[in-house]
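Here is a predicted model to work through in questions and answers. Keep the sequence and the structure in view.

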Amino acid sequence: MLIIGIAGGSGSGKTTVVNKITDKIGNNQLTIISQDSYYYDSSHIPMEDRKRINFDHPNSIEFSLLIEHIRRLKQGQSIEQPIYSYITCTRSERTMHVDPKDVIIVEGILVLSNPELRDLMDIKVFVDADGDDRLSRIILRDIVERGRTAETALSHYQETVKPMHLQFIEPSKRFADLIIPQGGHNEKAIDVLTHYIQRQIN
């Protein structure tokens, strides 16, 4: 089994990179574990307080559960992955059944920031992108997917996303085995990574 960690700032193009790898490798051999599924449940917190949760800080993620699940998959065991909603900031009572496959991609902004999680990875990837490009994608995503206005999305970026990126995400780039500049637009780098994956599983 090959464990691949794919990190990068919000709006860097991680999802595009993962989707292109999936298209080339196929769902039968590859499964994706999203860091976003492992945010702590906040159902016990009033809704107004939930809006102030810092999702870009490592303390917002239940890394212990994520690490346990990756270890179990590596041992050939199935897991029940949490389902998290950004709208309500809560975990669903339902879970997603995940079976072990030849390739496990662990994807999220902070997956290279945790040493114990990094140690489980066979290859570590950082998806890099220009800050202005990331900002435009973040604002659009926050409006469409998370119900924010353009003003609140920009404020959230300036007060939370940018400082957390500089403190936790950007420094994790030094742990990467491969850096993909220009995000999902870098077809050559994605092809290099895909060919590596295919060689390892064949």
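Q: In which sense do β3 and strand β4 pair, parallel or antiparallel?
A: Strand β3 covers residues 79–85, and strand β4 covers residues 90–98. The two are joined over 6 bridges. Their pairing is antiparallel.

Q: Which residue in the turn of the β3 and β4 hairpin has a positive phi?
A: The hairpin has 4 residues between its strands. A positive phi of about 60 degrees is found in the turn at C89.

Q: Are the rings of Y39 and Y84 stacked, edge-to-face or tilted?
A: The model holds 3 aromatic pairs. In the pair of Y39 and Y84, the ring centres lie 5.6 Å apart. Planes under 30 degrees apart count as stacked and over 60 as edge-to-face. The planes here stand at 50 degrees, so the pair is tilted.

Q: How many residues apart in sequence are the parts that the pair of Y39 and Y84 ties together?
A: Y84 belongs to strand β3. Y39 lies in the loop between β2 and α2 (47–50). The pair therefore ties together parts with a separation in sequence of 45 residues.

Q: Which strands stand at the edges of the open sheet?
A: The sheet has 5 strands with parallel pairing, in the order β2-β5-β1-β6-β7. An edge strand has a single partner, so one of its sides is left without a neighbour in the sheet. The edge strands are β2 (30–34) and β7 (178–180).

Q: Which residue stands opposite I179 in β7?
A: Strand β6 (residues 123–127) pairs with β7 in the parallel sense. That pairing runs over 3 bridges. Opposite I179 stands F126.

Q: How are α1 and α7 oriented to each other?
A: Helix α1 (residues 14–25) packs against helix α7 (residues 187–201) with the axes 10 Å apart. The angle is about 45 degrees. Angles under 35 degrees count as roughly parallel, and 65 to 115 as roughly perpendicular. The two helices α1 and α7 are therefore oblique.

Q: How many nonpolar residues are in the contact of α1 with α7?
A: The crossing of α1 and α7 is right-handed. On α1 the contact is made by V17, K20, I21, K24 and I25. Residues of α7 in the contact include I190, L193, I197 and I201. By class, there are 2 polar and 4 charged residues, and the nonpolar ones number 7.

Technical notes. Residues numbered from 1 in each chain as written. Predicted model: local features only at pLDDT ≥ 70, side-chain atom pairs only at ≥ 80, totals over all residues. Heavy atoms only, no water. Pairing = 2+ DSSP bridges. Axes fitted to C-alpha atoms, helices over the stretch in contact; angles between N-to-C directions. Parallel < 35°, antiparallel > 145°, perpendicular 65-115°, else oblique. Left-handed = near helix turned anticlockwise from the far one by under 90°. Contact = heavy atoms within 4.5 Å. Nonpolar A, V, L, I, M, F, W, Y, C, P; charged D, E, K, R; others polar. Phe/Tyr/Trp six-rings, centres within 6.5 Å; stacked < 30°, edge-to-face > 60°.
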